[in-house]
Amino acid sequence: MQSKKKILFSGIQPSGDLTLGNFLGAIKNWTKMQHDYDCIICVADLHAITVRQDPKIFFDQRYSALALNIACGIDPSKSLVFMQSQVPEHTQLSWVLNCYTQVGELNRMTQFKEKAKKYAHNINAGLFGYPVLQAADILLYQTNVVPVGKDQQQHIEITRDIALRFNNLYGEIFTVPELSLPSFGAKIMALQEPTKKMSKSDENKNNVIFLLDKAEDILNKFKRAVTDSEKSIHFDLEKKPGVANLLTILSLITGNTIAQLETLYQGQGYGKLKNDVADAVIACLAPMQKRYHELRADLSVLNGVLEHGRVHAIKRAAPTLAAVYTALGFVSAAK
Ligand code: AQP
């Protein structure tokens, strides 16, 4: 019998090694929500090729992203976990939705503008159409809720617009999904440029805590984190983005509120704060790293998860694609 829980869909690109931003802004929330939602998590490898990937490294990164999600607490017996490229319905629906998305809408996407600047030598059509594939990912599963970090908000909004447009033309084909942003910590910032998002593809590796970083590297990166010339530890996003970022990370990991941390660190120096954040992150990541290495030692477990995910994702995606094809006058794709 189909679950009555609300359907949650989210994804993560294996476009590099996963970061503390990916964990605190997304994966950690999915692990909590998987108990209350019918949770679908996709390793979005098709999205990742919108920038050039070395095929050998990329093959491995896909497994790494899968293993890290599981090591972080995504339970494949509770959540449907799969690899995007193994479920052809995503690209099939994406093509259809391309025909219902305006170039003007895509031109407004901040992520496209930023990535077009960063990858000026390779502004490919896939990069431009990235939000359309993401809309297909989400809409295929009749998703109710999409938990993402702040950077993805615009993509969920365009997904809703596309769904509404399609439904207006052809009837109630798609569930119109709701965005779910974490109430706090939706955007973890780069350690040395705290007005910019922490991203796995950042060229400055000191900006980023990777989930598989060694303890000594984590400590060194936090020690080098940019703060400010004041000496007081309080949360002020505008004037003290570096300190605010450190407090946010510490709060999310320890469960202490920002107010509690401000009291705790009254009169203390930035050095102490940085060391404590590093210690908290190292302790949080250690069991996850251990589990990750166990999972990577035996690919048969991960391959089993992928095969189960592939079969079930196709089963769940196919009826939506069939409804779309039927609405458009194609031969029904029902399997
Ligand atoms: N710094 C962040 N703070 C909070 N949430 C974040 N997310 C990413 N970075 C942060 C959230 O993680 C989920 C998966 O993201 P993604 O890997 O699919 O794509 P992205 O947002 O483009 O992540 P990156 O790390 O910045 O990748 P690159 O460098 O390849 O572009 C999403 O929910 C995202 O919001």
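Axes that meet at 65 to 115 degrees count as roughly perpendicular, a cut-off to keep in mind for the first close-up. All the views below come from a predicted model.

**View 1. Helices α7 and α8 packed against each other.** Here α7 (residues 125–139) meets α8 (residues 153–170) at an angle of about 70°, and the two axes are 9 Å apart. That angle is why α7 and α8 are described as roughly perpendicular to each other. The crossing of this pair is right-handed. On the α7 side, look for Tyr130, Pro131, Gln134, Ala135, Ile138 and Leu139; they meet His155, Ile156, Ile158, Thr159, Ile162 and Ala163 of α8. Sorted by class, the α7–α8 contact holds nine nonpolar residues, three polar ones and no charged ones.

**View 2. Helix α6 alongside helix α7.** Now the partner of α7 is α6 (residues 110–118), with axes that come within 9 Å and cross at roughly 160°. Since angles over 145 degrees count as roughly antiparallel, α6 and α7 are therefore roughly antiparallel to each other. Their crossing is right-handed. From α6, the contact uses Gln111, Phe112, Lys115 and Ala116, while α7 brings in Leu127, Phe128 and Tyr130. That makes five nonpolar residues, one polar and one charged in the α6–α7 contact. Keep an eye on Tyr130, which is part of this contact and also part of the α7 contact with α8.

**View 3. Cysteine 39 in strand β2.** Strand β2 covers residues 38–43 and includes cysteine 39. With a relative accessibility of 0%, cysteine 39 counts as buried. Setting aside residues up to four places away in sequence, cysteine 39 touches Leu8, Trp30, Gln34, Ser79 and Leu80. Lysine 5 sits 34 residues from cysteine 39 in sequence, yet the C-alpha to C-alpha distance is 9.0 Å.

**View 4. Lysine 221 in helix α9.** Helix α9 spans residues 215–223, and lysine 221 is found in it. Lysine 221 has a relative accessible area of 7%, so this residue is buried. Neighbours within four places in sequence aside, its contacts are Leu191, Lys205, Asn206, Val208, Ile209, Phe210 and Asp213.

**View 5. Where domain 1 meets domain 2.** The domain assignment gives domain 1 as 7–181 + 299–328 and domain 2 as 205–293. Their C-alpha centres lie 30 Å apart. In the contact itself, 12 residues come from domain 1 and 14 residues from domain 2.

Technical notes:
Residues are numbered from 1 along each chain as its sequence is written. This is a predicted model: local features need pLDDT of at least 70, side-chain atom pairs count only at pLDDT 80 or more; totals for chains, interfaces and linings use all residues. Side-chain values use heavy atoms; hydrogens and water are left out. Axes are lines fitted to C-alpha atoms, for helices over the stretch in contact, and angles run from 0 to 180 degrees between N-to-C directions. Helices (H or I, at least four residues) and strands (E, at least two) are DSSP runs, numbered from the N terminus. Angles under 35 degrees count as roughly parallel, over 145 as roughly antiparallel, 65 to 115 as roughly perpendicular and the rest as oblique. A crossing is left-handed if the near helix is turned anticlockwise from the far one by less than a right angle, and right-handed if clockwise. Contact means heavy atoms within 4.5 Å. Ala, Val, Leu, Ile, Met, Phe, Trp, Tyr, Cys and Pro count as nonpolar, Asp, Glu, Lys and Arg as charged, and the others, Gly among them, as polar. Buried means under 20% relative accessible area, exposed over 50%, partly exposed in between (1.4 Å probe, protein chains only). Domain bounds come from an automatic or database domain assignment.
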